[in-house]
Amino acid sequence: MEEKPGVAIIEVVESIALGGPEEGTVLIYEVKPEAVPEGMHIGDFFLVTFDDHVSEVVWGVGATPEDALEMAMYQWSRYEFDNPFKMAYDKRRSSSKGEKR
């Protein structure tokens, strides 16, 4: 039996600017695959990318936005540059703490 190609809805659920426009943006996408009876049965998941205004690359995948950000932080940690995903993670944590007050 031949598998049919699947379809997914991908939407930006969060955009985290890292400062000025030249510093880039971390984007969190929710991917909602539509099940195909003779094929794909993947559940919803999240992707995290870094958009540096030249390219946008997926750095993390996870069941939650936090899981995807943590994977992206780990993947980026192999480089000696400032970690944009750590900056985004810290911004999310500080803003969520502010909302709970």
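A salt bridge here is a side-chain nitrogen of Lys or Arg within 4 Å of a carboxyl oxygen of Asp or Glu. This is a predicted model, where local features need pLDDT of at least 70, side-chain atom pairs count only at pLDDT 80 or more, and totals for chains, interfaces and linings use all residues. Residues are numbered from 1 along each chain as its sequence is written, and side-chain values use heavy atoms, leaving out hydrogens and water.

**Exercise 1.** Find how many salt bridges the structure holds, and which residue pairs with Glu-11.

Step 1: the structure has 4 salt bridges.
Step 2: Glu-11 pairs with Lys-32, with the closest N and O atoms 3.8 Å apart.
Step 3: Glu-11 sits in strand S1 (residues 7-17) and Lys-32 in strand S2 (residues 25-34), so this pair ties together parts 21 residues apart in sequence. Strands (E, at least two residues) and helices (H or I, at least four) are DSSP runs, numbered from the N terminus.

**Exercise 2.** Work out whether Glu-66 and Arg-92 are buried or partly exposed.

Step 1: their side chains meet in a salt bridge at 3.0 Å, N to O.
Step 2: here's the scale: buried is under 20% relative accessible area, exposed is over 50%, and partly exposed is in between (1.4 Å probe, protein chains only).
Step 3: Glu-66, at 33%, is partly exposed, while Arg-92, at 17%, is buried.

**Exercise 3.** Locate Lys-86 and Asp-90.

Step 1: both lie in helix H2, 4 residues apart, about one turn of the helix.
Step 2: Lys-86 is partly exposed at 40%, and so is Asp-90 at 35%.
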